[in-house]
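Subject: Structure handover

Dear colleague,

Here is the structure I said I would pass on. My notes on it follow below.

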Amino acid sequence: MERQFPKNVRQIGNVSDEPKIYVEDYVDIYLTQLQQQASEEPMGIMLIGEMLNQEGQDVVYISGAMQMKEIEVTSTEIVIKEETLKEMEEERKKYFAFSQIVGWGLIESGHPMGQIREISKIHTKTFSGENTIFIWKDARDNEELYYAHKYGELMQMGGHYIYYEKNPSMQNYMIATRKKNGVTPSEMVEDRAAKDFRSAVRTKMEDKEQRQNSRLVYATSVLLVVVVLAIGVSTVNNFDKMEAVQSSLESLSQSVDQAGSRSKTVSEETVVETGGSTESADEVAAQGTVPETSTIQEELSEDDYYVVKKGDTLDSISVKLYGDASHVTAICKMNGLSDGNLIYIGQKLLLP
């Protein structure tokens, strides 16, 4: 199926030039976070994606980015070792097997104009394809420049698009490298958060239904007792009818007991369906929500969670774990929280 232009996009700068550059949102977030980490030492990045011609226009999609393991940057020279390129190709095969290298980038404190000749030399040697991309980001100021290799040289582009779609490959890479690079995978795992939310809603609905059933049993019992008393008064002088009343009472009593027993059983052992099997509410409470199978392969340990304690707020948790309150937004995104105040004691929060 031929790829269509993304519908959900955000324009950055003047996008009249070609190739049209589309940067997936996860990639943009990852590059911005690396930008915050590169104030002391320059970082190189490899850009992954695809290069197409759509509706007569040259288009470059950047759907992945990987940090180079090693890059040497001086005032006059930039060196990318052959071993580094081989390692990056292996990582590309591991995380982005169905995409190609579409360029590279440099995050540093400075300006590329002083090194544009050296950058062009590396680009021509290693990334010489038509329309391949070079991105420069300033590690101190919120500034970035995009270049495209056209007509045998790097030409500065006026702008690009940020587009939004599911990107499990980039999610996997961000999770696998977040501890090393200090990078937060912002969704991570919205699927898991959504699963937890659906489970909580389902449990509340079941509790509500149980309470309604209990009230129904109680009301039915009261009604039956009233009916039986009325029958008893009207037949007090009829021995045969009195025996019938007694029999009815015994039957009604057994019915009420059975209904109450069923209601109690449901209340004490609510069964929740989880992927074709059943578990009791106690078992579910002990285990936590069964996570939905996702594209994210990493197994999370207890160190990746924080258990909410009495008096905790997201601000205090962020300060406690990271030294400041700047991680509140990331914690909300990681756990699918639309309102940061809605946390409760005992809740497990997935940490960035």
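A residue is called buried when its relative accessible area is under 20%. W104 has a relative accessible area of 0%, so W104 is buried. The model is a predicted one, and the notes below should be read with that in mind.

Aromatic pairs

There are 11 aromatic pairs in the structure. One of them joins W104 and F134, with 4.8 Å from centre to centre and 55 degrees between the planes, a tilted arrangement. The two residues come from distant parts of the chain, 30 residues apart: W104 is in strand β7 (residues 100-108) and F134 in strand β8 (residues 133-138). F134 is buried as well, because its relative accessibility is 0%. F134 also pairs with Y147; the ring centres are 5.9 Å apart and the planes stand at 50 degrees, so this pair is tilted. Y147 sits in strand β9 (residues 144-150) and F134 in strand β8, so the pair ties together parts 13 residues apart in sequence. Both F134 and Y147 are buried. Elsewhere, ring pairs link F5, Y22, Y61, Y161 and Y163 into a cluster.

K20 and the cis peptide

E18 and P19 are joined by a cis peptide bond, with omega at about 5 degrees. P19 is in the loop between β1 (9-13) and β2, and K20 belongs to strand β2 (residues 20-24). K20 is buried but has no salt bridge; the nearest side chain of opposite charge is that of E18, 5.6 Å away. A polar atom of the K20 side chain does lie 3.5 Å from the backbone oxygen of D17. Apart from neighbours within four places in sequence, K20 contacts V15, Q57, D58, V59 and V60.

H160 is in strand β11 (residues 159-163). Its relative accessibility is 3%, so H160 counts as buried. Setting aside residues up to four places away in sequence, H160 touches R10, Q11, I12, V15, I21, V23, E144 and Y146. K320 is found in helix α8 (residues 314-322). K320 counts as partly exposed because its relative accessibility is 49%. Beyond neighbours within four places in sequence, K320 is in contact with Y306 and D312.

Positive phi values

Two residues other than glycine deserve a look here. E55 has a positive phi, near 50 degrees, and lies in the loop between β3 (43-54) and β4 (57-67). With 65% relative accessibility, E55 counts as exposed. N131 also has a positive phi, near 75 degrees, and is placed in the loop between α3 (116-126) and β8. Its relative accessible area is 10%, so N131 is buried.

Confidence

The pLDDT is below 50 over residues 183-198, a stretch that has 40 contacts in the model beyond near neighbours in sequence. Residues 263-298 are also below 50, and that stretch has 43 such contacts.

Regards

Definitions and conventions: Residues numbered from 1 in each chain as written. Predicted model: local features only at pLDDT ≥ 70, side-chain atom pairs only at ≥ 80, totals over all residues. Heavy atoms only, no water. Helix = DSSP H or I, 4+ residues; strand = E, 2+ residues; numbered from the N terminus. Buried < 20%, exposed > 50% of the residue type's maximum accessible area, 1.4 Å probe, protein only. Lys, Arg positive; Asp, Glu negative; His and termini not counted. Salt bridge = Lys/Arg side-chain N within 4 Å of Asp/Glu carboxyl O. Polar contact = N/O pair within 3.5 Å; in protein donor to acceptor, adjacent residues only side chain to side chain. Contact = heavy atoms within 4.5 Å. pLDDT = per-residue confidence, 0-100. Phe/Tyr/Trp six-rings, centres within 6.5 Å; stacked < 30°, edge-to-face > 60°.
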